[in-house]
Amino acid sequence: MSSSIGERIAKIRAQLPTSVRLIAVTKQVPAEVIRVAYKAGIRDFGENRVQEAIAKQKELQDLSPNVTWHLIGHLQSNKAKKALENFSWIHSVDNLKLAQRLNELAKQLGVTPNVCLQVKILPDPNKSGWSVPQLLADLPALNCCQNLQIQGLMTIPPLNLKDAEILDVFNRTRELAQKINEQNWSHIHMQQLSMGMSGDYQLAVQAGATMVRLGTILFGERPG
Ligand SMILES: *Cc1c(COP(=O)(O)O)cnc(C)c1O
């Protein structure tokens, strides 16, 4: 990529509807490059590992009043407390036990984190997340997690799908959120759809994504 990070951010921002929140995924991206993205206008940053994020957040403390950190990677239960202390959004809540643990800890810490429930529209052995039937079955228990602000759904389509199939996954995610909303839960309001990465964000936006999570297209290929 020959263009600068600032140019790439400006180009993508200009393509996205203003209602779509652009989350810059900064895993494996050093703090000084995050600073460049900040200067180019990014205020939402996504990380997939709690420890890596905390180290960079320390280096970027001066930005912290203006920045929102999103945890987007699988969260192990033993890191749940650290995650709550360092992220205001968790997109990757992927099972009921984790949701209940986060709810308990959030109560103790006096925080009300924003969360998305990660769902697998198609079976995918390589990804964590609820199956659709399991998520529907767990809604009564999730509705009791009063310390969590359950904001919506997150999904990642399986690898190697055709565009039409990816679009279908995203459309079905939106329809699932709608179906859940029609059940009128007191504490579950699906307003956010966190879907779309560098390779498929345009399809996600077409299907109604409200948050896209972009790494490679902004910062280049990650090593490894
Ligand atoms: C790495 C990652 C992204 C960004 O992926 P790119 O293809 O680099 O844009 C988005 N979401 C999740 C959950 C990720 O782990």
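Predicted model: local features only at pLDDT ≥ 70, side-chain atom pairs only at ≥ 80, totals over all residues.
**Pockets, helices and loops**

Visitor: Which residues line the second largest pocket?
Guide: Ile54, Gln57, Lys58, Gln61, Ser64, Val67, Thr68, Trp69, Glu85, Asn86, Phe87 and Ser88 line that pocket. A pocket here is an open set of points on a 1 Å grid over the protein atoms alone, where a 1.4 Å probe fits, with protein on both sides within 12 Å along at least five of seven lines; lining residues have an atom within 4 Å of a point.

Visitor: Which elements give two or more residues to that lining?
Guide: α3 (50-59), β3 (68-71) and α4 (80-86) do. α3 gives the most, with 3 residues. Helices (H or I, at least four residues) and strands (E, at least two) are DSSP runs, numbered from the N terminus.

Visitor: How does its lining divide by class?
Guide: The lining of the second largest pocket has 4 nonpolar, 6 polar and 2 charged residues. Ala, Val, Leu, Ile, Met, Phe, Trp, Tyr, Cys and Pro count as nonpolar, Asp, Glu, Lys and Arg as charged, and the others, Gly among them, as polar.

Visitor: And what volume does the largest pocket have?
Guide: The largest pocket comes to about 660 Å³. It is lined by 27 residues, and the closest to its centre are Lys27, Lys127, Ile156, Met197 and Arg213. By class, 10 of the lining residues are nonpolar, 12 polar and 5 charged.

Visitor: Where does Ile156 lie?
Guide: In the loop between β7 and α7.

Visitor: What is Ile156 in contact with?
Guide: Gln118, Lys127, Met197 and Arg213, leaving aside neighbours within four places in sequence. Contact means heavy atoms within 4.5 Å. Ser128 is 28 residues from Ile156 along the chain, and their C-alpha atoms are separated by 9.7 Å.

Visitor: New topic. How many residues are in helix α7?
Guide: α7 has 20 residues, 163-182. From first C-alpha to last it reaches 29 Å, close to the 28 Å expected at 1.5 Å a residue. The expected span is 1.5 Å times one less than the number of residues.

Visitor: Which residues of α7 are buried?
Guide: Ile166, Leu167, Val169, Phe170, Thr173, Leu176, Ala177 and Ile180. Buried means under 20% relative accessible area, exposed over 50% and partly exposed in between, with a 1.4 Å probe and protein chains only. The cover over these residues includes β5 (114-120), α6 (132-143), β7 (149-154), β8 (188-194) and α8 (201-206).

Visitor: And α5, what should its 14 residues span?
Guide: At 1.5 Å a residue, α5 (residues 96-109) should span 20 Å, and its end C-alpha atoms are 20 Å apart, which agrees. The buried residues of α5 are Leu96, Leu98, Ala99, Leu102, Asn103, Leu105 and Ala106. They pack against α4, β4 (89-93), β6 (130-131) and α6.

Visitor: What is the phi of Asn184?
Guide: Positive, about 55°, although Asn184 is not a glycine. Asn184 sits in the loop between α7 and β8. At 65% relative accessibility, Asn184 counts as exposed.

Visitor: How about Asn160: buried or exposed?
Guide: Asn160 is exposed, with a relative accessible area of 80%. Its phi is positive too, about 65°. Asn160 is in the loop between β7 and α7.

Visitor: Where is Thr18 found?
Guide: In the loop between α1 (5-15) and β1 (21-25). Thr18 counts as exposed at 80% relative accessibility. The C-alpha atoms of Thr18 and Lys107 are separated by 34 Å.

Visitor: Last one, the whole chain. How many helices and strands are there?
Guide: 9 helices and 9 strands. Buried residues make up 50% of the 224 residues. The C-alpha trace spans about 50 × 45 × 30 Å along its principal axes. Among contacts between residues at least 6 apart in sequence, 64% join residues at least 24 apart.

Terms used. Residues numbered from 1 in each chain as written. Heavy atoms only, no water. Points joined across faces, edges and corners; volume = space filled by probe spheres on them.
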